[in-house]
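Here's a quick look at some aromatic contacts and a helix packing. Have the viewer open while you read.

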Amino acid sequence: MINKENTENSQKTERRTVIKQLVFFLLICLPVTWILNLLGDTMLFAFIPAIAATLTCLITKVKLRELKMFPKFKGHIKIYLFAILCGVFLSVFGNLLLPVCFPKVAVFGEEASLVVVVLSIFLFTAIGTIQFFILMGEEIGWMGFLFPRMEKLCGTTLALVLTGVIRTIWHLALLVQMEDFLLNFATLLLSNILLGAILDWVTKASDSVIPASVIHVLTNAVPSAVLGFMVIDETLYQANYWGIYFMTLIPSVIVAGVCYWMLVKKKY
Amino acid sequence: MWGLLYKDFSVMKKDLLICGGSVLGISLLLFIPWESLLQASGVASEFLNAESMIYAITPMVVYICIFLVISGVQSGIFAHDERKVFSAYITSSPMGGNGQVLSKYYMTLLLSFGVVVWGFLCDSFCTLISGIKGSAASIYITMFFVQILLRAVEMPFIIRFGEKHGRTYKILLISAIAFVGIVYLLFGPLPESVSLDSFFEFIIRFSKNEAAVSTTMLGVAALFPYIVLLLYYGSYKISCKLYQKGVNNYDK
């Protein structure tokens, strides 16, 4: 009876500590990023989640090792290779479907031969992978700090959704400056939730945020390798926006579904 | 292996600090307002191209200098470990000679990678200060792979023959290969279709074909990083085999 009470008390204390850590993290991370974005910064703000996570760990006396900042290659090389291949697959496959499924919206230009497109994908993959550190700041914050704590509080599924929501709100200052705020917000939210499942599985499987950073950078950089060679009719693109968007999400849905199942079954 | 990296950083602390200071000093050239200086000296209107040339040349000169400084530090990572006693100790440890070699390859990679990170930070600060979006990523990423390629060629020689003689033997071998190649091209039994004239004709025809030139350049740019990384891995494997023989050249 007493042991049960002690266990409940310690669980409540742990929950309170985790909530305090999350509040502290978000209070640093969100406003600072919004201010930087409103001041016109589009590059350095990506490091704010890492800085917020590090400060929170230092103040709440959590070991920095928990942020999984360093690579662990031994026994995990396959995950790093998977990260590169997954990033390229997510970026390229959906965009390659565009001229196939919507031939009136997009066509490949005259200079786009198979060899040129493949070489371009290789080039963007190499450049993107080398620059993984640009988005490592985000992944230290989200995958290293935020998601494990959300998962402790509310389970895997809700943690994935809430982390996706927070990641999207974090981009608020940038979204507000774009046209069609609601459209961009909705598409970013869906992408963040799907990508979150993939990034979280990869982080747990490799015990490091670096593969997640690699996937994130490649999904930002490699689409240009294919889209750069397409001639897109802007009017038809806008008219078919949601159809095109859901089509390009197909690879993400498949990979995210598999990663989510593996997360739930604890296969990592 | 991480322990060996920590040991290398500790032993080379002074070199790294001097290197860091030099890199910082050289990087300040990126933040000088060249446009204003040119205007103040009265050259701007006539040399508008020079102004844009300055913006193109400055990052190239800066990053070449930074990579040269880093090369100097990378060359020094072997010197303090060239002792028979230390080599015997590390070979008897669980990591063995392979772990020692791997730590050197990681250290070299980390130092070069540090320049890429530094380059990104310089780009970000330049954008923040000037408001002009620009990036020298093509320069420092290319230099990164070039430096890794040069280290991949050099390190097996240093591991086999020691730091003092390794570089000399490398230069001698490369010179010998180049000499034999040139002598063969000039005097050797070449097929009739292969001649200097036919070679230059091919170059002229090729350079007139814009599509072929751009595809070839794209191919070289795209495949170069992968070839370099494969060569670096191959160099590591060769160095592992040569490590024990190289130990015999060390001082006590």
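## Rings across and within chains

Phe47(A) is partly exposed, at 22% relative accessible area (buried is under 20%, exposed over 50%, partly exposed in between, with a 1.4 Å probe and protein chains only). This is a predicted model, where local features need pLDDT of at least 70, side-chain atom pairs count only at pLDDT 80 or more, and totals for chains, interfaces and linings use all residues. Side-chain values use heavy atoms, leaving out hydrogens and water.

Over all chains there are 29 aromatic pairs; rings of Phe, Tyr and Trp (its six-membered ring) pair if their centres lie within 6.5 Å, with planes under 30 degrees apart called stacked, over 60 edge-to-face and the rest tilted. Two of them:

| Pair | Centres | Planes | Class |
|---|---|---|---|
| Phe47(A) and Phe120(B) | 6.0 Å | 55° | tilted |
| Phe86(B) and Tyr89(B) | 6.4 Å | 50° | tilted |

The Phe47(A) and Phe120(B) pair crosses between chains, and Phe120(B) is buried at 5%. Phe86(B) and Tyr89(B) both sit in helix H5 of chain B, three residues apart, and Tyr89(B) is exposed at 55%.

In chain A, ring pairs tie Phe25(A), Phe45(A), Trp142(A), Phe145(A) and Trp170(A) into a cluster. Trp170(A) is also among the residues in contact (heavy atoms within 4.5 Å) with Glu138(A), which is itself buried at 4%.

Over in chain B, helices H8 (residues 196-208) and H9 (residues 210-247) pack at about 95°, axes 5 Å apart. That makes H8(B) roughly perpendicular to H9(B) (65 to 115 degrees; under 35 is roughly parallel, over 145 roughly antiparallel, the rest oblique).

Conventions: Residues numbered from 1 in each chain as written. Chains lettered and ligands numbered in written order. Axes fitted to C-alpha atoms, helices over the stretch in contact; angles between N-to-C directions. Helix = DSSP H or I, 4+ residues; strand = E, 2+ residues; numbered from the N terminus. Lists of a residue's contacts leave out its neighbours within four places in sequence.
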